[in-house]
Amino acid sequence: MRAALVPGTFDPVTLGHLDVIARAATIFEPLYVTVFENLEKNPLFPAAERVQMLREATADLPGVVVEHHGGLLADYARERGVLVVVRGLRAVSDFEYEMAMAEMNKQLFGELETLFMMTRPANSYLSSTLVKDVARRGGDVSRLVPPGVAARLAARVPPSA
Ligand code: PNS
């Protein structure tokens, strides 16, 4: 099987990410699930904790390798010999952002292809940002994230009054 990469900020990983990862892992091996930094975002969890949460959540998925990389996605893919990037697409609103990234990555590494996987409709509203917002306000996130993540969220962002 061919190697692929699922990149993201994963701050934190949600059940939406995990669904895409699990489906991609049936097609690609090894499947690198790699925590990158998005300069537009100020993450709640440090990279090492984001990696740890992903490792726990993907422990039962054969062929998945979780890593962190602080540089360019294109450089990482070249280093690992990966020619396929898989990104989940939730809605039309994701499209422009995703197209710009796919094009930029192709400019930087011409052999790299970005493939999009439609998220399940049930996950089309789900994002790490909304999960953090709900957790901060004391809402129940147990059906949105893996159990280990729910516990870490509760510890890191105790619900405000
Ligand atoms: O989960 P996100 O925040 O939508 O993922 C965006 C991410 C991390 C994949 C993107 O910001 C990225 O690739 N960062 C690594 C640095 C890089 O290569 N930047 C140029 C991207 S075109």
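Student: If contact means heavy atoms within 4.5 Å, what is Leu31 in contact with, leaving aside its neighbours within four places in sequence?

Tutor: Leu31 is in contact with Ala4, Leu5, Val6, Ile21, Ala24, Ala25, Gly63, Val64 and Val65. Bear in mind that this is a predicted model, where local features need pLDDT of at least 70 and side-chain atom pairs count only at pLDDT 80 or more, while totals for chains, interfaces and linings use all residues. Residues are numbered from 1 along each chain as its sequence is written, and side-chain values use heavy atoms, with hydrogens and water left out.

Student: Which residues touch the most other members of the largest nonpolar core?

Tutor: Leu31 is one of them, along with Ile21, Val33, Val86 and Leu153, in a core of 35 residues. A nonpolar core here is a set of buried Ala, Val, Leu, Ile, Met, Phe, Trp, Tyr and Cys residues joined through side-chain atoms within 4.5 Å. Buried means under 20% relative accessible area, exposed over 50%, and partly exposed in between, with a 1.4 Å probe and protein chains only.

Student: And which elements give two or more residues to this core?

Tutor: They are β1 (4-8), α1 (15-25), β2 (31-35), α2 (47-57), β3 (64-68), β4 (84-89), α5 (128-136) and α6 (147-156). Helices (H or I, at least four residues) and strands (E, at least two) are DSSP runs, numbered from the N terminus. The most comes from α1, with five residues. Another core, of twelve residues, lies apart from this one, and Leu73, Ala74, Ala77 and Leu112 are among its members.

Student: Switching to rings: how many aromatic pairs does the structure hold?

Tutor: Two. Rings of Phe, Tyr and Trp (its six-membered ring) pair if their centres lie within 6.5 Å; planes under 30 degrees apart count as stacked, over 60 as edge-to-face and the rest as tilted. Tyr32 and Tyr76 are edge-to-face, at 6.3 Å centre to centre and 90 degrees between the planes.

Student: Which parts does that pair tie together?

Tutor: Tyr32 is in strand β2 and Tyr76 in helix α3 (residues 73-80), so the pair joins parts 44 residues apart in sequence. Tyr76 is buried because its relative accessibility is 1%, and Tyr32 is buried at 14%. The other pair, Phe36 with Tyr76, is edge-to-face too, at 5.5 Å centre to centre and 90 degrees between the planes. Phe36 sits in the loop between β2 and α2, so this pair ties together parts that are 40 residues apart in sequence.

Student: What about the ligand: how many residues surround it?

Tutor: 15 do, and the closest are Thr9, Lys41, Leu73, Arg87 and Tyr97. A residue counts as near if one of its heavy atoms lies within 4 Å.

Student: Which backbone N or O atom lies 2.8 Å from an oxygen atom of the ligand?

Tutor: One from Leu73. A polar side-chain atom of Asn38 lies 3.0 Å from an oxygen atom of the ligand, and a backbone N or O atom of Glu37 lies 3.2 Å from a ligand nitrogen. On its own the ligand has 540 Å² of accessible area, and the protein covers 84% of that. Accessible areas come from the Shrake-Rupley method with a 1.4 Å probe; for residues, only the protein chains shown count as cover.

Student: Last one: is Asn123 buried or exposed?

Tutor: Asn123 is buried, with a relative accessible area of 14%. Asn123 is in the loop between β5 (113-118) and α5. Not counting residues up to four places away in sequence, Asn123 touches Leu15, Gly16, Asp19 and Arg90.

Notes. Contact = heavy atoms within 4.5 Å. Polar contact = N/O pair within 3.5 Å; in protein donor to acceptor, adjacent residues only side chain to side chain.
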